[in-house]
Amino acid sequence: MTTTELKLPDATLHYCPGFLDAEEADQVMQALLQQVNWRQDRIRLFGREHLIPRLQAFHSDPGIHYTYSGLRLAGAPWLPVLLPIKARLEAICEQPFNALLLNLYRDGQDAMGWHADNEPELGRNPVIASVSLGATRRFRLRHNDSRDTHSLGLEHGSLLLMSGPTQHHWQHCLPRSKRCHAPRINLTFRLISV
């Protein structure tokens with residue numbers, strides 16, 4: 001497994017394009033498309049409610065909740081297809097993960113706006129393990145102070161690890177793409193304090 005460190009100031013980022021081989025990534029994606037109870041939630045931005053431009057789901061250990069943008073998600077039980085991935089990530093990161101946010105981008109019109117994974121329940125320097133399945137999409141990072149940006153194509157079966165001070169100094173997004181007509185699933189494993 002080849003891992004590349006992305007050398008950005010005020011960040012600890014590692015990218016592994018072959019975390020899951022193509023066959024395993026295909027199998028996991030098909031299982032998740034069929035087994036996950038995908039939903040399109042509403043969030044409140046600037047005083048108005050909006051449908052989020054993607055589908056999502058939240059799985060976790062019992063009793064775990066995740067709150068962002070005024071939305072409180074209760075964790076569904078772990079699906080068997082997710083447990084081997086979770087175990088591999090825990091070994092790599094040398095820490096447990098008790099929660100997983102899944103996002104389904106149906107095509108290039110689904111997106112995620114600029115944000116940081118800096119909710120208080122994630123702790124001071126959270127480790128976010130992000131696994132991508134399906135269409136390659138452009139992931140963008142923007143430094144809070146310098147406004148410098150960096151882009152990375154997240155490939156099918158890849159892993160992006162964000163840790164250390166990254167969430168304090170950088171925001172990230174997945175912009176819309178007119179060129180993408182295929183679905184993408186993103187799995188973000190995290191440790192939520194209870």
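Author: On a 1 Å grid over the protein atoms alone, a pocket is an open set of points where a 1.4 Å probe fits, with protein on both sides within 12 Å along at least five of seven lines, and its lining residues have an atom within 4 Å of a point. Grid points are joined across faces, edges and corners, and a volume is the space filled by probe spheres set on the points. The model is predicted, so that local features need pLDDT of at least 70 and side-chain atom pairs count only at pLDDT 80 or more, whereas totals for chains, interfaces and linings use all residues. Residues are numbered from 1 along each chain as its sequence is written, and side-chain values use heavy atoms, with hydrogens and water left out.

Reader: Which elements give two or more residues to the lining of the largest pocket?
Author: Rolling a probe the size of a water molecule over the atoms shows where empty space is left. The largest pocket has a volume of about 580 Å³, and of its 34 lining residues the closest to the centre are Arg-54, Tyr-68, Met-112, Gly-113 and His-115. Helices (H or I, at least four residues) and strands (E, at least two) are DSSP runs numbered from the N terminus, and those that give two or more residues to the lining are E3, E4, E6, E8, E9, E13, E14 and E15.

Reader: How many Å apart are the end C-alpha atoms of helix H1?
Author: The expected span of a helix is 1.5 Å times one less than its number of residues. For the 14 residues of H1 (residues 22–35) this gives 20 Å, and the span in the model agrees, because the end C-alpha atoms are likewise separated by 20 Å.

Reader: Which residue caps the N-terminal end of H1?
Author: A polar contact is a pair of N or O atoms within 3.5 Å; within protein, one must be able to donate a hydrogen and the other to accept it, and residues adjacent in sequence count only if both atoms are side-chain atoms. The backbone nitrogen of Glu-23 lies 3.2 Å from a side-chain oxygen of the capping residue, Asp-21.

Reader: Is Trp-38 buried or exposed, and at what relative accessible area?
Author: Trp-38 is found in the loop between H1 and E3, where the backbone oxygen of Leu-32 lies 3.2 Å from a polar atom of its side chain. Beyond four places in sequence, Trp-38 touches residues including Leu-33, Leu-55, Leu-102 and Ile-185. Trp-38 counts as buried because its relative accessible area is 15%.

Reader: How far apart in space are Phe-139 and Cys-173, C-alpha to C-alpha?
Author: Phe-139 lies in strand E11 (residues 137–143) and is buried, with a relative accessible area of 8%. Among its contacts beyond four places in sequence are His-150, Leu-160, Met-162 and Cys-173. Although Phe-139 and Cys-173 are 34 residues apart in sequence, their C-alpha atoms are separated in space by 6.1 Å.

Reader: Which side chain is joined to that of Asn-186 by a polar contact of 2.9 Å?
Author: Asn-186 is found in strand E15, and at 7% relative accessibility it counts as buried. Its contacts beyond four places in sequence include Leu-101, Tyr-105 and Val-131. The polar contact of 2.9 Å joins the side chain of Asn-186 to that of Ser-130.

Reader: What is the phi of Arg-147, in degrees?
Author: Arg-147 is found in the loop between E11 and E12, and counts as partly exposed because its relative accessibility is 45%. Although Arg-147 is not a glycine, its phi is positive, at about 65 degrees.

Notes. Buried < 20%, exposed > 50% of the residue type's maximum accessible area, 1.4 Å probe, protein only. Contact = heavy atoms within 4.5 Å.
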